[in-house]
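Trainee: I would like to learn how to read a contact between two chains. Could we go through one together, slowly?

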Amino acid sequence: MSTHPRHELDEIIHAPVRLSIVAALAAAEKADFRFLRDTIEVSDSLLSKHILTLEEAGYVHVNKTFVGKRARTWLSLTDRGRAAFQNYMDVLRRITEGTPHA
Amino acid sequence: MNADEGFTPQQALREVGRVDGRVRDSSRGPGWMYLVTGVATMIYWPVMFLANGAASVVAAFAWIALTIAICSYWWRRKVYEQRLMRIRSRMTIAYVSASSVTFAVGAFVAPRHPTPTGWAVAIIALAVISGTPLLYAAWRLLTRR
């Protein structure tokens, strides 16, 4: 008996906020923390919490820079994160298109 | 958005599409920037090499102001879309190459004051070629969805 593809969904990505973060970073070379906050419409603390989860999973790279005294936090997907998102999207399409698991 | 509730697969796909669209839309600004710079390039070189006196000085100062504005705008951006960066790298190579040729011909090869008609046409043609990569990048960024 084949396993339903939903069991293959990456639980780290398949959560509101984290999915939005990864989807935004997948389309971008890098994105500023404030851009993500405004796009996803979440608080700074909630966004930070989910970024930490993604960083610990090795999906997101965080780079803090300073322009004068002003700090900027840049986020980008790691190769591992990009591969995980690609795989996640493949599984998602299989589920929504009703394609049986190969 | 309620962070405690999970997405259904359909909701997840919709959210991915929404966020992807927001990142894509962020490249419209650079699209307009390339359009303005492309047109400015096509005007700048002929003015610098074919016009006399005050017009060249005005063009030089306008070009410096435009360069500062572009650098400031680019530096302040909050997101750098992947496709924008790919288009930008190819466009930059084409633009710098074409502009270098235009500068070399205008500054070192073409006779000056008065510039013969044939050379003037050549400089205008080179200026148009120089600005074309920017207009192409603008077209790519402003027309896609």
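Mentor: Chain A has four helices and three strands, where helices (H or I, at least four residues) and strands (E, at least two) are DSSP runs numbered from the N terminus. Read along the sequence, these elements of chain A follow the pattern α-β-α-α-β-β-α. This is a predicted model, in which local features need pLDDT of at least 70 and side-chain atom pairs count only at pLDDT 80 or more, while totals for chains, interfaces and linings use all residues. Residues are numbered from 1 along each chain as its sequence is written, chains are lettered from A and ligands numbered from 1 in the order in which they are written, and side-chain values use heavy atoms, with hydrogens and water left out.

Trainee: What area is buried between chain A and chain B?

Mentor: The size of an interface is often given as the accessible area lost when the parts come together. Here about 2,500 Å² is buried between chain A and chain B, and carbon and sulfur atoms give 68% of that area; buried area is the accessible area (1.4 Å probe) that two parts lose on being put together, summed over both. A:P16, A:A27 and A:F35 supply 23% of what chain A buries against chain B, more than any other three residues.

Trainee: How many residues does the contact take from chain A and from chain B?

Mentor: With contact meaning heavy atoms within 4.5 Å, 30 residues come from chain A and 26 residues from chain B.

Trainee: How many salt bridges are counted between chain A and chain B?

Mentor: The count is zero, a salt bridge being a side-chain nitrogen of Lys or Arg within 4 Å of a carboxyl oxygen of Asp or Glu.

Trainee: How do strands pair, and which strands of chain A and chain B do so?

Mentor: Strands of a sheet pair through backbone hydrogen bonds, either parallel or antiparallel. In this model β1(A) and strand β1 (residues 79-81) of chain B pair in the antiparallel sense over three bridges, where pairing requires that DSSP finds at least two bridges between the strands. In β1(B), B:Y80 is the bridge partner of A:K30, and B:E81 is that of A:A28.

Trainee: What is the order of the strands in the open sheet?

Mentor: The open sheet of four strands runs β2(A)-β3(A)-β1(A)-β1(B), with antiparallel pairing. Because β2 (60-67) of chain A and β1 of chain B stand at the edges, each with a single partner strand, one side of each is left without a neighbour in the sheet.
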